[in-house]
Amino acid sequence: MPSKTPVFITGLYRSGTTLLSRSLNANPKLFITFDNVHFMRFCYNKFEPLNSKNILNLINDVSERLLERNNIKIDKKAIISDIQNFKKVNYSIIYNSIMKNCFLKKKTKLIWGEKTNVAWGSIPNFLKMFPDGKCIFLLRDPRDVLCSFKKMTDNPWPNYLDSIFASLGAFQYAEFLKKKISKKNLFILKYENLVNEPEKNLKKICKFIGVNYDKEMINLNSFKDI
């Protein structure tokens, strides 16, 4: 069965999404990926009709992308075998099977999650697939986003100023989601609150997800793939 509480993290680039994903991944119950599967971006509703041929195409696409970009080899046979247990296959079953077979190999890891930047528009669809799922949407002061983005981008003046408009879009959509989605499914987090009071806010997020807080979540030495 699909996981009851998968986690989806999104926000604008330079807004702390990677920091949060690494912190949550340090929790013994969670496995949070970043910048690899991107199911909502590359797979969801992209393989219609969802017949046997296209399901295999989807799995092959994920497999090739993960191997080429991240040097991660997935067990396609295990995923296909898992999917075959269902009479009617949908995207939630495929998504859950990929994440479970790839990343929940340790017995302690019970909940998977994925971080994908600039994908807040996928939150409603993610929750359609997983009605009990947990979505975390990070927001950061647009001025700081701009300063941080300017330092790391190759975009010349004035192209990097686009981050301001992207920030505006994030804030507007966050307001929209607050009116449409229950607080049990959506946690809107300010980057500034996370870095100023990490333990306090990580405890809130753990409660939101439904796992116990672990002190390793604020230990930078425990972060994987930093």
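Glutamate 197 is partly exposed, with a relative accessibility of 40%; buried stands for under 20% relative accessible area, exposed for over 50%, and partly exposed for the range in between (1.4 Å probe, protein chains only). The model is a predicted one, in which local features need pLDDT of at least 70, side-chain atom pairs count only at pLDDT 80 or more, and totals for chains, interfaces and linings use all residues. Residues are numbered from 1 along each chain as its sequence is written, and side-chain values use heavy atoms, with hydrogens and water left out.

**Salt bridges**

- The structure contains six salt bridges, a salt bridge being a side-chain nitrogen of Lys or Arg within 4 Å of a carboxyl oxygen of Asp or Glu.
- Glutamate 197 is joined to lysine 200 by one of them, at 3.9 Å from N to O; lysine 200 is partly exposed at 44% relative accessibility.
- Another links aspartate 141 and arginine 143, whose closest N and O atoms are 2.6 Å apart.
- Within this pair, aspartate 141 is partly exposed, with a relative accessible area of 22%, whereas arginine 143 is exposed at 60%.
- Glutamate 175 and lysine 178 form a further salt bridge (3.6 Å, N to O).
- Both of these residues belong to helix α8 (residues 162-180) and stand three residues apart, about one turn of the helix. Helices (H or I, at least four residues) are DSSP runs numbered from the N terminus.
- An α-helix has 3.6 residues a turn, so residues three or four places apart point the same way.
- Glutamate 175 is partly exposed, its relative accessible area being 42%.

**Helix α4**

- Helix α4 spans residues 76-83, and Ile79, Asp82 and Ile83 are buried in it.
- The buried residues of α4 line one face of the helix, because they fall within an arc of 95° when seen down its axis; the arc is that of the directions from the helix axis to the C-beta atoms.
- Among the elements that cover these buried residues are α3 (52-70) and α5 (91-103), where contact means heavy atoms within 4.5 Å.

**A nonpolar surface patch**

- Leu19, Val195 and Leu220 make a nonpolar surface patch of about 240 Å². Patches consist of residues with over 30% relative accessible area and no salt bridge, with nonpolar side chains (Val, Leu, Ile, Met, Phe, Trp, Tyr) joined within 5 Å and like charges within 9 Å. Accessible areas come from the Shrake-Rupley method with a 1.4 Å probe, and for residues only the protein chains shown count as cover.
- Valine 195 lies in helix α9 (residues 191-196) and is partly exposed at 37% relative accessibility.

Notes. Helices (H or I, at least four residues) and strands (E, at least two) are DSSP runs, numbered from the N terminus.
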